[in-house]
Amino acid sequence: MQEKKRLVEKDASLKKDDLIVITGAGGFIAGNLALYFKKKGFTRIRAVDKKPLHDWYLRVPGVESLCLDVSIEANCRRVCEGAVEVYNLAADMGGMGFIERFRVECLRSILINTHMIEAAYNAGARRYFYSSSACAYNTLLQKDPKVRALKESDAYPAMAERGYGWEKLVSEMFCEEYWHERGLKTSIARFHNVYGPHGTWDGGREKAPAALCRKIIEAIDDGSRTLEIWGNGEQTRSFCYIDDCVKGIDKIMHCDELIATPINLGSSELVSINTLADKIEKIAGVKLKRNYKLDAPLGVAGRNSDNTFIKQVLKWEPDTTLNKGLAATYKWIKVQHENRKKGKRVVE
Ligand SMILES: NC(=O)c1ccc[n+]([C@@H]2O[C@H](COP(=O)([O-])OP(=O)(O)OC[C@H]3O[C@@H](n4cnc5c(N)ncnc54)[C@H](O)[C@@H]3O)[C@@H](O)[C@H]2O)c1
């Protein structure tokens with residue numbers, strides 16, 4: 001039987017004092033999202049993370065900041081009380097080194113979305129955002145560095161990244177069914193490698209752009225003049241700058257055509273890890289000897305974002321160039337590195 005397409009009632013536009021709830025806000029993307037909404041003039045933002053407040057990358061003045069674990073149902077009810085919009089970005093995650101090694105932790109993030117979406121629905125929230133990932137895509141399509149960019153339909157037939165990717169795919173399905181069965185307006189963005197200031201840059205969860213910036217800064221500082229690269233450096237990826245990511249979240253969340261419809265949120269500027277390192281070296285003004293660590297965790301051979309759909313629906317795509325975004329990221333990580341050396345407290 002063919003399902004009838006549900007009509008989307010237009011909701012009133014978000015008022016400046018409507019309550020916006022953002023989970024994972026002690027982390028990179030959600031912290032920047034809280035700052036984005038605050039700068040837009042929203043006065044009631046509730047930011048939530050399980051990390052102690054002093055470990056948050058960004059504490060935005062005037063934002064209610066709560067330290068709560070949202071894998072616990074009762075906490076989700078508390079967090080969603082009175083919410084008009086809910087942005088769920090909390091997840092146990094990191095770069096390849098983390099998601100290949102800690103699959104159980106990644107899978108357990110299913111508890112977060114399961115409880116958050118139910119709490120948002122029961123609280124009568126108007127819209128619910130879920131941060132999915134390019135790791136939800138079929139890995140069999142990503143075996144070649146000269147990869148064809150991934151379009152939204154490439155998630156099925158499913159063969160997602162073990163652990164992390166499957167959790168994302170199942171959580172996406174929750175969002176789709178809460179709309180179809182219960183009428184909760186959900187939005188699902190598949191992020192592709194987001195990078196920029198105020199993110200993880202050390203400690204094992206960092207992703208390639210931040211890791212390479214830090215390693216180059218350290219190699220200059222300690223005089224080793226050697227850069228360790230995971231794999232042979234020929235693996236390819238695209239990287240989305242944080243400002244594009246938060247702007248994209250806002251656009252996707254408020255587009256009725258995209259309700260319960262996963263969409264790529266990523267840059268389509270494909271580079272190899274070697275090229276990424278070249279670019280950062282140029283910013284730093286050095287050329288280092290490369291040491292290739294061939295047994296390091298690599299993930300898929302190549303991955304890029306096909307932006308046909310987002311351009312068609314939103315007439316927009318992430319467009320900050322890698323050179324511009326990396327320069328800002330490098331500068332920020334250099335300051336963190338210097339502060340740490342001076343014995344100042346920094347969040348990694
Ligand atoms: N950064 C990327 O490139 C990227 C790519 C694809 C998808 N994503 C997704 O975007 C979201 C945000 O990623 P990020 O890069 O900001 O990561 P992040 O690690 O910086 O932030 C995630 C935050 O969630 C918090 N968290 C984890 N479990 C929690 C819990 N039970 N209760 C409360 N808080 C909890 C963590 O403490 C952390 O601060 C995640 O869902 C991630 O899977 C990110």
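**Figure 1. Salt bridges across the predicted model.** In this structure, which is a predicted model, the count of salt bridges comes to 30. Side chains of opposite charge can pair when their charged atoms come close.

**Figure 2. The salt bridge between Glu64 and Arg46.** The side chains of these two residues, Glu64 and Arg46, meet with an N to O distance of 3.0 Å. Because Glu64 belongs to strand 3 (residues 64-67) and Arg46 to strand 2 (residues 45-49), the pair ties together parts of the chain that are 18 residues apart in sequence. Glu64 counts as partly exposed, at 31% relative accessibility, whereas Arg46 is buried, with a relative accessible area of 8%.

**Figure 3. The salt bridge between Arg190 and Glu172.** Here the side chains of Arg190 and Glu172 meet at 2.8 Å, N to O. Arg190 lies in strand 6 (residues 185-191) and Glu172 in helix 6, so this pair ties together parts that are 18 residues apart in sequence. Both Arg190 and Glu172 are buried.

Figure 4. The closest N and O atoms of the salt bridge between Arg340 and Asp202 are 2.8 Å apart. This pair links distant parts of the chain, with Arg340 in helix 11 (residues 322-341) and Asp202 in the loop between strand 7 (194-195) and helix 7, 138 residues apart. Arg340 is partly exposed at 26% relative accessibility, while Asp202 is buried at 18%; because buried means under 20% relative accessible area, Asp202 falls in that class. The two residues also belong to a network of salt bridges that links Asp202, Glu206, Arg214, Glu218 and Arg340.

**Figure 5. The shell of residues around the ligand.** The ligand is surrounded by 26 residues, and the closest are Ile29, Asp49, Asp69, Tyr164 and Val194. By class, this shell has 12 nonpolar, eight polar and six charged residues, and its largest share, three residues, comes from strand 5. An oxygen atom of the ligand is 2.5 Å from an N or O atom in the side chain of Tyr164. Taken alone, the ligand exposes 820 Å², of which the protein buries 95%.

**Figure 6. A nonpolar patch on the surface.** Leu107, Trp166 and Val170 form this patch, and together they have about 240 Å² of accessible area. Val170 is placed in helix 6 and is partly exposed, with a relative accessible area of 37%.

Terms used
Residues numbered from 1 in each chain as written. Predicted model: local features only at pLDDT ≥ 70, side-chain atom pairs only at ≥ 80, totals over all residues. Heavy atoms only, no water. Near = heavy atom within 4 Å. Polar contact = N/O pair within 3.5 Å; in protein donor to acceptor, adjacent residues only side chain to side chain. Areas by Shrake-Rupley, 256 points an atom, 1.4 Å probe, with all protein chains shown as cover. Helix = DSSP H or I, 4+ residues; strand = E, 2+ residues; numbered from the N terminus. Nonpolar A, V, L, I, M, F, W, Y, C, P; charged D, E, K, R; others polar. Patch = residues over 30% accessible without salt bridge, like charges linked within 9 Å, V, L, I, M, F, W, Y side chains within 5 Å. Salt bridge = Lys/Arg side-chain N within 4 Å of Asp/Glu carboxyl O. Buried < 20%, exposed > 50% of the residue type's maximum accessible area, 1.4 Å probe, protein only.
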